[in-house]
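Me: I am new to this structure, and I would like to learn how to read it. Could you walk me through it?

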Amino acid sequence: MKKSSLLYGALLLALLVAPFVGYPMFLMKLLCFALFACAFNLLIGYTGLLSFGHAMFFGFAAYVSGHAAKVWGLTPELAILAGTLSATGIGIVTGWLAVRRQGIYFAMVTLALAQMIYFICVQAPFTYAEDGIQSIPRGSLFGLLDLHNDRVMYYVVLALFVGGFALIYRIIHSPFGQVLKSIRENEPRALSLGYNVDRYKLLAYVLSATLAGLAGATKAIAFGIATLTDVSWQMSGEVVLMTLLGGMGTILGPVLGAGIIVAMQNYLSGLGSWVTIIMGLTFVVCVLMFRRGIVGEIEHRLLKKL
Amino acid sequence: MSEIFGVPIQALMGQLMLGLVNGCFYAMLSLGLAVIFGMLNIVNFAHGALYMVGAFFAWMLLNYAGVNYWFALLLAPIGVAAIGIVIEKTMLRWLHQLDHLYGLLLTFGLALVLEGIFREFYGSSGLPYELPALFRGVFDLGFMMLPKYRAWVVVVSIVVCLFTWYVIEKTRLGAYLRAGTENPNMVKAFGINVPLMVTLTYAFGVGLAGLAGVMAAPIYQVSPLMGSNIIIVVFAVVVIGGMGSILGSILTGLALGLIEGLTKVFYAEISSTVVFIIMAIVLLVRPAGLFGREK
């Protein structure tokens, strides 16, 4: 217990000094995707539900917060709140539909529903189709703190990330989180113990959707852009890969996985379609011989030694 | 009577025909998915990518080797099936004991690889595939013009679908397959080579996708993205029909193609989402799917 709080402390310290060492823009991207992957992991890693449509929360929230900041002229915190709540709304409706099916069907249903949201975003006037919402103003936090400085913006993103991460940590270690894990391990047994499994699943799904929305909304404000890429099925696949690579069902795995994928996309962006090919191969390798992911593998080895 | 609800009959019939052609592709792809799922318990995400590969094989055969449509109709599915054998033997085989989700993740990765390779070498704009001379022109049916090639696609895919249904439901080979789905160990005990059967089932399923790809090549542009565009709709079709029934997946595919065609005439705004809307309604009314037998 002590060791892990030391680890979290060291990580937080590293993130606090990071913008003086690395590029704030890159770090913000990393944090947004890390939060996105952590939110996704809450569902796959701790409830055992594979959603193949998480881009709908991320992307739609990005559109809503972008629209709120640019057209309605809301301050950034309200714009992010609006985006996050829109993801909650989509989460309630799609989750209500999706939890009716289990396992592999759940994955296909979420993928299909996300594609529906994608087509809605293609057609809706406020998303500007192929162009996306561009030059979204960052504005001033609470009308006081000017966010145009990248480092200031970074600390806001960091605060949101830490908040989201702490919430996920809290959920996982709560009695509610234990019920989720029992559903993951043995759903019929959880049901026979008297838990309303569908309600637990739906709540986990909505929480995950909300946090994914927070990540998307934050990204839209920090980068000033919301496009169809954020809501496409490729984005849903990317977040699956981040979580799988880092380690499903580990707390820090998705953060590491997001870091690796974002860094890879950054450094290999000149290679065009090879990035897609490498990502596909990573999927194959992870599934065939590396199912615990990096953090999961480390934890497994450490436990073996003890 | 040249109008129905203010829509000219010619236009209505034209859209219905387009819808039916789309429905044929949905039916062939969801049929392949159902066959594979029945035997391997894997939802083959690479199905759309292999459909795209089938179309590209036809294009490559024509443009690099001068092999015409008729031979491509035979050779391209065989090529795709060969890829399927390699995939099954080297990768999917190791996932039998694991959660079904890993099969979906692995084949998703394969889909990305295939799509990435073709996008790298052929770009994403799409290549035209010339219609074979025999199929140029239309049949004049009096109330509508029926392009010959569309009629051919509909006839062939319905024949292929019914043939597959017949083999699986009515022949001895099909009986082995169905028994292998229910209880592989028992079937093994009777001296039947189940692993070989599994490999061939996967090869056949993706071969169907390859065949659909060749038939789609002259209608749509041959593009690396054609697979991912169609596979998600086919997934929705599979959720609507349920993967338990062969005939069910064929009928659902055809019906949804027609419905899509109709919405293009009467309410075009939702034509790209109508399949998903129907899926949502089916989930509310009959969560196991129209033909599903899930617990």
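Reply: Gladly! Two residues are in contact if their C-beta atoms, placed from the backbone, lie within 7 Å. Domain bounds come from an automatic or database domain assignment, and for chain B this gives domain 1 (37–224) and domain 2 (226–295). This is a predicted model, where local features need pLDDT of at least 70, side-chain atom pairs count only at pLDDT 80 or more, and totals for chains, interfaces and linings use all residues. Residues are numbered from 1 along each chain as its sequence is written, while chains are lettered from A and ligands numbered from 1 in the order in which they are written.

Me: How many residues of domain 1 of chain B are in contact with domain 2 of chain B?

Reply: 17 residues of domain 1 of chain B are in contact with 9 residues of domain 2 of chain B. Helices (H or I, at least four residues) and strands (E, at least two) are DSSP runs, numbered from the N terminus. On the domain 1 side, H2(B) gives the most, with 6 residues.

Me: Which residues does chain A use to touch chain B, by class?

Reply: Ala, Val, Leu, Ile, Met, Phe, Trp, Tyr, Cys and Pro count as nonpolar, Asp, Glu, Lys and Arg as charged, and the others, Gly among them, as polar. Here, 35 residues of chain A are in contact with 32 residues of chain B. The chain A side has 24 nonpolar, 8 polar and 3 charged residues. Its largest share, 14 residues, comes from H5(A).

Me: Is Leu110(B) buried or exposed?

Reply: A residue is buried if 20 or more other C-beta atoms lie within 10 Å of its own, exposed if 12 or fewer, and partly exposed in between. Leu110(B) has 24 such atoms within 10 Å, so Leu110(B) is buried. Leu110(B) sits in helix H4 (residues 100–122) of chain B. Leaving aside neighbours within four places in sequence, Leu110(B) is in contact with residues including Gly280(A), Val284(A) and Ile87(B).

Me: What about the largest nonpolar core?

Reply: A nonpolar core is a set of buried Ala, Val, Leu, Ile, Met, Phe, Trp, Tyr and Cys residues joined through C-beta atoms within 7 Å. The largest one has 197 residues, and those with the most contacts inside it include Leu35(A), Phe36(A) and Ala55(B). Helix H2 (residues 24–47) of chain A gives the most to this core, with 17 residues. Domain 1 and domain 2 of chain B both give residues to this core, so it lies between them.
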